[in-house]
Amino acid sequence: MDLSTLNEPQKQAVETTEGPLLILAGAGSGKTKVLTARTAFLIAEKNVSPYRILALTFTNKAANEMRERIIKAAGNEAQRVWIHTFHGFCARVLSSDCERLGYKKGFLIYDVDDQQSLLGTIIKDLQLNDKVYTKRMLQDLFSKAKNHSDNPEAYLRASYQPRQVMEAYALYEKKKMAANAMDFDDLLLKTIELFNTCPDILERYRDLFRYIMVDEYQDTNMSQYKIISLLAAAHQNLCVVGDDDQSIYGWRGADIRNILEFEKDFPGAAVVRLEQNYRSSQPILDAANRVIAHNAGRKEKKLWTARTEGQPITVYEARGEKEEATFIAERILNGKRLGKRFDDYAILYRTHAQSRIMEMILQSMTIPYKIYGGTAFFSRTEVKDAVAYLRLICNPGDDVSFQRIANVPRRNIGMQSLEELKLAADKNGISLFEAAERTDTVSPKVFAKFAPFTELMHTLSNLYDKKSVVALLEGVLRKIGYEAYLKASDPKTWEARWENVQELVGFAQEFEDCFDSDSEEDPLQAFLNTASLFMTADRVDEESGCVNLMTLHAAKGLEFDTVFLTGMEEGVFPSQQSIREPEKLAEERRLCYVGVTRARNKLFLSYAESRSLFGQYAANPPSRFLDEMGDTISMPGSGFVPRPASASVHRGAVVSPHREPFTAPKVIEGTKPVSRKPAAGAASAAFKDGDRVKHGMFGAGTVVGIEGSGSTQIITIKFDKGPEKRLSTAYANLKPAED
DNA sequence: ACACTGTGAGTTTTT
DNA sequence: CTCACAGTGT
């Protein structure tokens, strides 16, 4: 096998096949390449059967990418390598043996929306104060408990949760069991339970998987750690890849200690550091290294690159978020003129809320963009409705789905009828569907209300030939007149919604094409579980030629030619709720590190003097992360005074809501504005290339570039002492030099 | 049963 | 500001 394209540490990581191995893979250091090569090496050089290799990832995307690349490197037999997400792997393990835990064959997977609606009924059932006990709060609490302990109930009790919470938890678990369903966290926990209570099953998998690899190890939680440990206990051939500096999911139960203490947990572990970065230029890496150095307790590593030359990082101070957005949009248009593509650009922000203004400005300048994240495909109402029909056909005991679609499309079934049915079902210990079909449980009136629905469901069930999910889905949509229903319910959005439904059909088709028809599994069953484990229908994302907008979290694992890191302000990034807690602040810093290292060639950091938050203007000082980057970046303008180290800064001050609007005067490129309002300082003076200027702080320099005009004009100056700087003419203290 | 109106809350979210 | 949801009115 040819390992010549690998560098020394990479080669070492590939060739260390026996025993525990920790690969500390810095950003952009080629970890996927190493994982792929390592798998190919095991198959080709060590004669390991592909199906004895288990590779675990977090996202479907990562799993797919790895599968593709492994097949490319090791040939078709590599298809039999077990490459799964943690949840997908657990779902697979459980689907063959869930009966050993008291589940019926073919359990359902409840996603967050299903959980929420179930919790909603529980809050009602237990008559909890819904101001104190919200769906969201219970969901977070239960998930936290399940992420931190394999005995969530004990965990809740140990944290002194009130009786109400304990009761809600018990009922939640009971109802889930009654519906033969598991939530995402259960998939992991129940797998542990299965392994612990059925030694024969654990033995089987231990024996099967001789080599185990885990991607993004820094993001594993307690359950995932336990699953890995159980499987790897005998042979210890466990290879984990990760970067403690990129651990950004602590708030979701990821335990950074898993990676920090790997060598303790698996004695004799080999450690390989991948520190050569193949992605970014030196200036970008310098800034990244500087920021992350402010975190304590790291696995020390220093990224380096052979690309020692590179464009300097640009820091931009905007007055408000509109100006920030305008600056970015202009830069992109400018780049486009110079031959860049729109999809070379990524705009990153801390929270989704920040995307609004960005979108607005991009739209107004007709720059195509796409937003990652937002409402996940399978969370869309119309998609969920359609899926709920399939779920109810598959499992009539699924009360969550029953409630969702009993009145969709409208069948004149309201709260009243539903409540009576629920009561009856509860009393008799049967499902809503069963209760609706029995004349002895509810009043004739209510029975009559549900009769058309239950009859419909029987008709729909008969459409299913146990072979084609697509045929079933299309039949269901036709029979319920879903297109007409969408049209009637919202004339503005029905087309997009119907498209989503069609997309679901497409997804089903894709699934069917890949589905092994010889398998004993019911295709519908398998389809539903696959769908539950997919956040997004990835194919929609293929659109190219667009500027990429996403949160910093969503950017992990991606790279772009040019990255704009926006909202670099205290209280925004780092976020307000993280500032006080050192652990959380450290995670924000890692998030910053992730953001910076997404850029290949050019990085922009921007902040706004004030921005509108919840309808008010809040002025925030520049992010401490800018300070922490030190002289690897240069701060703009004269107005910048380093933040005092003490916390005496008055945070979140609300400044006058009557500030001037941030709109730039509309001018045609090249003409001199007549600024509608004189900008602060000496800004109205016009500069041109080659002009000598004097800056209040940086001294004398030469103008080497001008972009935009009016209050958004940016001027690039090469200062005699020091580097190039980009300044806003409106705010920088600039004067024409006399010399 | 459904449409309307007022209130309150508002990170990040791989599965 | 802007969305989600609970409560009110027809």
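This is a predicted model: local features need pLDDT of at least 70, side-chain atom pairs count only at pLDDT 80 or more; totals for chains, interfaces and linings use all residues.

Mentor: Residues are numbered from 1 along each chain as its sequence is written, and side-chain values use heavy atoms, with hydrogens and water left out.

Trainee: What makes lysine 301 and aspartate 244 a salt bridge?

Mentor: A salt bridge needs a side-chain nitrogen of Lys or Arg within 4 Å of a carboxyl oxygen of Asp or Glu. The closest N and O atoms of lysine 301 and aspartate 244 are 2.9 Å apart, so the pair qualifies. Lysine 301 lies in the loop between α14 (282-292) and β9 (314-318), and aspartate 244 in the loop between β7 (238-242) and α12 (257-260), so the pair ties together parts 57 residues apart in sequence.

Trainee: Why is arginine 163 called exposed?

Mentor: Exposed means over 50% relative accessible area, buried under 20%, and partly exposed in between (1.4 Å probe, protein chains only). Arginine 163 has 54%, so it counts as exposed. Its salt-bridge partner glutamate 167, at an N to O distance of 3.0 Å, is partly exposed at 34%.

Trainee: How do you know that arginine 356 makes a polar contact with DNA strand C?

Mentor: A polar contact is a pair of N or O atoms within 3.5 Å; within protein, one must be able to donate a hydrogen and the other to accept it, and residues adjacent in sequence count only if both atoms are side-chain atoms. A polar side-chain atom of arginine 356 lies 3.0 Å from a phosphate oxygen of DNA strand C, so the label holds.

Technical notes
Chains are lettered from A and ligands numbered from 1 in the order in which they are written. Helices (H or I, at least four residues) and strands (E, at least two) are DSSP runs, numbered from the N terminus.
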